[in-house]
Amino acid sequence: PVDIQLHDTYFVVAHFHMVMGSAALFALYAGVYHWFPKMFGRMMNEKLGKLHFWLTFIGIYFVFFPMHYLGFMGVPRRYYAFDQFQFIPQASVNNLNLFISVAAILVGFAQLLFLVNFLWSVFKGPKADRNPWKANTLEWQAPSPPPHGNWGEELPVVYRWPYDYSVPGAAEDFIPQTVPSVSAKPVKSDGDESDSDRGQKT
């Protein structure tokens, strides 16, 4: 029943771009921020990255959330003017369209922050560690940026699976795949005593 009311309205535009378009966009940005140290051997500016994220995240909601209300009002998509439809409240639609336009322009300017951060960091960003994210997976044990063949003359030896986080008895919260396996001592609770402990106490 909802499809009858919302079919071919701005609700479709809003829902598709907010769910599909924004998800793909943020995935692309996340990939660039994540792999930038490995690709270029430098770190992007964290403050500019956070500012870019929040302006984009909030701005996208400011752009597409009001479009859902345009759809509720019955505003059709693919029309360049709506003033011929008497059932559409023109004042409300015009105000929402103005708000959406301003928000879209601000989101566009926010992308310039990403571009500036990217280009500046390629040449002037701080040097990245081999494994800045404290990751276990094998690619973060290669130099940043990797040389020809990724590993050089000697290939790494893999001792473990790539998800060894929070291992009991380990010194770090993560254990890379290139670290040899060690037998961690079991952690005993206060009430768990061995036979030798009981013998010493008696």
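This is a predicted model: local features need pLDDT of at least 70, side-chain atom pairs count only at pLDDT 80 or more; totals for chains, interfaces and linings use all residues.

Mentor: Residues are numbered from 1 along each chain as its sequence is written, and side-chain values use heavy atoms, with hydrogens and water left out. The chain averages a pLDDT of 84, and 90% of its residues reach 70 or more. Helices here are DSSP runs of H or I with at least four residues, strands are runs of E with at least two, and numbering starts at the N terminus. Confidence is highest in H3, at a mean of 94, and lowest in helix H5 (residues 195–201), at 48. Over residues 198–202 pLDDT stays under 50, and the model has 2 contacts there beyond four places in sequence; a contact means heavy atoms within 4.5 Å.

Now your salt bridges. The term means a side-chain nitrogen of Lys or Arg within 4 Å of a carboxyl oxygen of Asp or Glu. The background is simple: side chains of opposite charge can pair when their charged atoms come close. How many salt bridges does the structure hold? There are 3.

Start at aspartate 8, which pairs with arginine 77, their closest N and O atoms being 2.8 Å apart. Aspartate 8 sits in the loop between helix H1 (2–6) and helix H2 (10–40), and arginine 77 in the loop between H3 and helix H4 (90–124), so this pair ties together parts 69 residues apart in sequence. Aspartate 8 also forms a salt bridge with arginine 78, where the closest N and O atoms are 3.1 Å apart. Because arginine 78 is in the loop between H3 and H4 and aspartate 8 in the one between H1 and H2, that pair links parts 70 residues apart in sequence.

How open are these residues to the outside? We call a residue buried under 20% relative accessible area, exposed over 50%, and partly exposed in between (1.4 Å probe, protein chains only). Aspartate 8 is partly exposed at 28%, and arginine 77 is partly exposed at 23%. Arginine 78 is exposed, with 67%.

The remaining pair is glutamate 46 with lysine 50, whose closest N and O atoms are 3.2 Å apart. Glutamate 46 and lysine 50 both lie in helix H3, 4 residues apart, about one turn of the helix. Glutamate 46 is exposed, with a relative accessible area of 55%, while lysine 50 is partly exposed at 49%. As for networks, salt bridges that share partners join Asp8, Arg77 and Arg78 into one.

While you're on H3, turn to histidine 68, which is found in that helix, spanning residues 46–72. Is histidine 68 buried or exposed? Histidine 68 is buried, with a relative accessible area of 12%. Beyond its neighbours within four places in sequence, histidine 68 is in contact with Phe11, Ala14, His15 and Met18.

Note on methods
pLDDT is the predictor's confidence in each residue, from 0 to 100.
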